[in-house]
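Here's a quick briefing to read alongside the model.

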Amino acid sequence: GDLGYQIAFQTAFHGFKVVVYDVNEEVLSKAKSKFDVLAASYKHDLHATDEQIEFTKSNLIYTDDLQAALVNADLLIEAIPENPAIEADFYLCAGKLAPEHTIFVTNSSTLLPSQFAQDTGRPDRFLALHFANTIWINNTAEVMGHPGTSPAIFDIIVDFAKAIGMVALPLHKEQPGYILNTM
């Protein structure tokens, strides 16, 4: 979806290697053209240079193989449709394939992390990291754990949000609607 593309591009723009995963090769092809549109927005809105855009694009890797996508992952940012059954299935599968150290976050704006924590196989390393649309301009990132999220992991994700140019908005209690949707 649109936010998934934006999250990937923003993260790559700030120097992180990003594996863009989708089950559909056609969607991955569309991602490259969406990244061209985002590049134009970054040039216009942030005055990004051609060199910064090329650097960003060099940080993006594409695959339709979940195991390959996760083999060296430190962080998995899930941005799939907000359907509890689809998300639970995804986490069950990803939890078996990702290295033990991988932190999982959901970009959900409506579903609570506690709904999927056990499905991940790593409940202490799972939380929400929700971005507002047009993240390079509306650069907020809501960070919300669940009762079983490790405080150290929570802090790592707050720091990550800042490292990719976001204003981190930590929520220390699960709340439907988070901050932005509640407002």
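This is a predicted model: local features need pLDDT of at least 70, side-chain atom pairs count only at pLDDT 80 or more; totals for chains, interfaces and linings use all residues.

Two atoms count as a contact here when they are heavy atoms within 4.5 Å. Residues are numbered from 1 along each chain as its sequence is written, and side-chain values use heavy atoms, with hydrogens and water left out.

**The cores**

- The largest nonpolar core has 19 residues, and Met-166 is among those with the most contacts inside it, along with Leu-127, Leu-129, Phe-131, Val-143 and Ile-157. A nonpolar core means a set of buried Ala, Val, Leu, Ile, Met, Phe, Trp, Tyr and Cys residues joined through side-chain atoms within 4.5 Å; buried is under 20% relative accessible area, exposed is over 50%, and partly exposed is in between (1.4 Å probe, protein chains only).
- Helix 1 (2-13), strand 4 (103-106), strand 5 (126-131), strand 6 (140-144) and helix 6 (151-163) each put at least two residues into this core. Helices (H or I, at least four residues) and strands (E, at least two) are DSSP runs, numbered from the N terminus.
- Helix 6 supplies the largest share of this core, six residues.
- There's also a second, separate core of 17 residues, including Tyr-5, Ala-12, Leu-38 and Ala-39.
- As background, nonpolar side chains tend to be buried together in soluble globular proteins.

**Helix 1 and its ends**

- Helix 1 is largely enclosed by the rest of the structure, because ten of its twelve residues are buried. Those ten are Leu-3, Tyr-5, Gln-6, Ile-7, Ala-8, Phe-9, Gln-10, Thr-11, Ala-12 and Phe-13.
- The end C-alpha atoms of helix 1 are 16 Å apart, in agreement with the 16 Å its twelve residues should span at 1.5 Å a residue; the expected span is 1.5 Å times one less than the number of residues.
- Gly-1 sits in the segment before helix 1 and counts as exposed because its relative accessibility is 67%.
- Gly-1 and Ala-79 are 78 residues apart in sequence, yet their C-alpha atoms are 7.2 Å apart in space.
- Just after helix 1, Gly-15 has a positive phi of about 95 degrees.

**Helix 2 and Tyr-42**

- Helix 2 (25-46) has 22 residues and reaches 30 Å from first C-alpha to last, close to the expected 32 Å.
- Its buried residues are Leu-28, Ala-31, Phe-35, Leu-38, Ala-39 and Tyr-42. Helix 1, strand 1, helix 3 (50-58) and strand 2 (60-63) are among the elements that cover them.
- Is Tyr-42 buried or exposed? Tyr-42 is buried, because its relative accessibility is 0%.
- Leaving out neighbours within four places in sequence, Tyr-42 is in contact with Gln-6, Phe-9, Gln-10, Phe-13, His-47, Ala-48, Ile-53 and Trp-136.

**The largest pocket**

- The largest pocket holds about 1,200 Å³ of space. On a 1 Å grid over the protein atoms alone, a pocket is an open set of points where a 1.4 Å probe fits, with protein on both sides within 12 Å along at least five of seven lines, and lining residues have an atom within 4 Å of a point. Points are joined across faces, edges and corners, and the volume is the space filled by probe spheres set on them.
- Of the 38 residues that line this pocket, Val-18, Val-19, Val-20, Tyr-21 and Ile-77 lie nearest its centre.
- Helix 1 gives the most to the lining, with five residues. Other elements supplying at least two include strand 1 (18-21), strand 3 (75-78) and helix 5 (84-97).
- By class, the lining has 30 nonpolar, four polar and four charged residues. Ala, Val, Leu, Ile, Met, Phe, Trp, Tyr, Cys and Pro count as nonpolar, Asp, Glu, Lys and Arg as charged, and the others, Gly among them, as polar.

**Loops with positive phi**

- His-47, in the loop between helix 2 and helix 3, has a positive phi near 60 degrees without being a glycine. His-47 is exposed, at 64% relative accessible area.
- Thr-134, in the loop between strand 5 and strand 6, has a positive phi of about 55 degrees and isn't a glycine either. Thr-134 is partly exposed, at 27%.
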